[in-house]
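Here are some exercises to work through with the model open beside you. Try each task before you read its solution.

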Amino acid sequence: MPETDVAPPQRLCASAELAERGKAVAFDVLQWRQPARAFALRFDGQAVAYLNRCAHVPTEMDWQEGEFLDGDKRFIMCSIHGAVYEPLTGRCVMGPCNRGRLTKIELTERDGEVYWHPTRDTQPAFPD
């Protein structure tokens, strides 16, 4: 794919796989041509996705595979640094992330399926 082309939306999972405030669905991407992990979860009925990278120090954040929410299931929390993020916006609300923000990946849902939208910077890890 030429550098200026952006891949079409990529199927991620069935909508039903994203349970409200449940386990996230992890997926692989290329961020600036480097392998990276991303995750999608459902919060207040909305499917959201971010790179699995803390804004404080770029490390993966899940406690266990797919577990990103704090004990009360109100916030995304970095298991390494304790940085706390608002799930719908990715904005840091507490901790060492200092008003940082998670890198958002756009999602859409249609016909019972969730799709993520590649950008110039975030591309599919594997060609179709």
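How far apart are the mean positions of the positive and negative charges of the protein?

Start with who counts: Lys and Arg are positive, Asp and Glu are negative, and His and the chain ends are not counted. Each charge is placed at NZ of Lys, CZ of Arg, CG of Asp or CD of Glu. That gives 15 positive and 19 negative charges, and their mean positions are 5 Å apart.

A note before going on: this is a predicted model, where local features need pLDDT of at least 70, side-chain atom pairs count only at pLDDT 80 or more, and totals for chains, interfaces and linings use all residues. Residues are numbered from 1 along each chain as its sequence is written, and side-chain values use heavy atoms, with hydrogens and water left out.

**Exercise: the overall build**

Work out the secondary structure content of the protein, then its overall dimensions.

Step one is the element count. Helices (H or I, at least four residues) and strands (E, at least two) are DSSP runs, numbered from the N terminus. By that rule the protein has zero helices and 11 strands. Along the principal axes, the C-alpha atoms fill a box of roughly 40 × 30 × 20 Å.

Now the surface and the contacts. With buried meaning under 20% relative accessible area, exposed over 50% and partly exposed in between (1.4 Å probe, protein chains only), 43% of the 128 residues count as buried. The protein exposes about 7200 Å² (Shrake-Rupley, 1.4 Å probe), and carbon and sulfur atoms supply 50% of that area. A contact means heavy atoms within 4.5 Å. Among contacts with a separation of 6 or more, 47% join residues 24 or more positions apart.

**Exercise: the aromatic rings**

Find the aromatic pairs and describe the geometry of two of them.

A pair of aromatic rings is described by the distance of the centres and the angle of the planes. Here, rings of Phe, Tyr and Trp (its six-membered ring) pair if their centres lie within 6.5 Å; planes under 30 degrees apart count as stacked, over 60 as edge-to-face and the rest as tilted. The structure holds three such pairs.

Take Phe-27 and Trp-116: the ring centres are 5.5 Å apart and the planes sit at 40°, so this pair is tilted. Phe-27 belongs to strand β2 (residues 25-31) and Trp-116 to strand β10 (residues 113-116), so the pair ties together parts 89 residues apart in sequence. Both Phe-27 and Trp-116 are buried.

Then take Phe-39 and Tyr-50, with centres 6.1 Å apart and planes at 50°, so this pair is tilted. Phe-39 is in strand β3 (residues 34-43) and Tyr-50 in strand β4 (residues 46-51), so the pair links parts 11 residues apart in sequence. C-alpha to C-alpha, Phe-39 and Tyr-50 are 5.7 Å apart. Phe-39 is buried at 0% relative accessible area, and Tyr-50 is buried at 0% as well. Together with Phe-68, Phe-39 and Tyr-50 form one aromatic cluster. Beyond four places in sequence, Phe-39 touches residues including Ala-24, Phe-27, Val-48, Met-61 and Ile-76.

**Exercise: positive phi**

Look at the backbone of Arg-33 and Asp-111.

Most residues other than glycine have a negative phi, and most peptide bonds are trans. Arg-33, not a glycine, has a positive phi of about 70°. Arg-33 sits in the loop between β2 and β3 and is exposed, at 60% relative accessibility. Asp-111 also has a positive phi, near 50°. Its loop runs between β9 (107-110) and β10, and Asp-111 is exposed at 78%.

**Exercise: two neighbourhoods**

Is Val-84 buried or exposed, and what does Lys-23 touch?

Val-84, in strand β6 (residues 84-85), is buried at 3% relative accessibility. Leaving aside neighbours within four places, its contacts include Phe-75, Met-77, Cys-92 and Cys-97.

Lys-23 lies in the loop between β1 (10-14) and β2 and is partly exposed, at 48%. Not counting residues up to four places away, Lys-23 touches Glu-17, Glu-65, Gly-66 and Glu-67.
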